[in-house]
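Student: I would like to learn how to read a single helix in a model, step by step.

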Amino acid sequence: MEAAPAQIRLVLLSVPDRETGLRLVETLVAERHAACGSVGAGTTSIYWWNGQVERADEALVILKTTDACAANLLSRAAELHPYEVPEILVLPLVGGHSPYLDWVRAEVRPG
């Protein structure tokens, strides 16, 4: 495990369905904002919206990128996302397999 993968970030997004998630990941990876992404299914979100508690079936997207690319990824994901206020969270990593982290760094392009 690499002790301090300070440059690597995970980005989490909730999307309305798996197909939306696949389109977002394909675009963000093709544009080199992320090295890769995973699209899960079967998530239920419960949240406040417009003064009431809402419930929605969604899919969860997990993207891997670097700190240098995170701001552009966040901006582009927000542009592509169908929600008025999308959940897009950028998280630091505590550790990881060094060869994998090196691969993530090699596959994204800042700017």
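This is a predicted model: local features need pLDDT of at least 70, side-chain atom pairs count only at pLDDT 80 or more; totals for chains, interfaces and linings use all residues.

Tutor: Residues are numbered from 1 along each chain as its sequence is written, and side-chain values use heavy atoms, with hydrogens and water left out.

Student: What span should helix α1 have, and what are its end C-alpha atoms apart?

Tutor: Helices are DSSP runs of H or I with at least four residues, strands are runs of E with at least two, and both are numbered from the N terminus. The expected span of a helix is 1.5 Å times one less than its number of residues. For the 13 residues of α1 (residues 18-30) that gives 18 Å, and the end C-alpha atoms, 18 Å apart, agree.

Student: Which residues of α1 are buried?

Tutor: Buried means under 20% relative accessible area, exposed over 50%, and partly exposed in between, with a 1.4 Å probe and protein chains only. In α1 the buried residues are T20, G21, L24, V25 and L28. They cover an arc of only 130° around the axis (taken from the directions from the helix axis to the C-beta atoms), which puts them on the same side of α1. E26 and A30, on the other side, are exposed.

Student: What covers the buried residues of α1?

Tutor: Contact means heavy atoms within 4.5 Å, and the cover includes β1 (8-15), β2 (36-39), β4 (52-66) and α2 (67-80).
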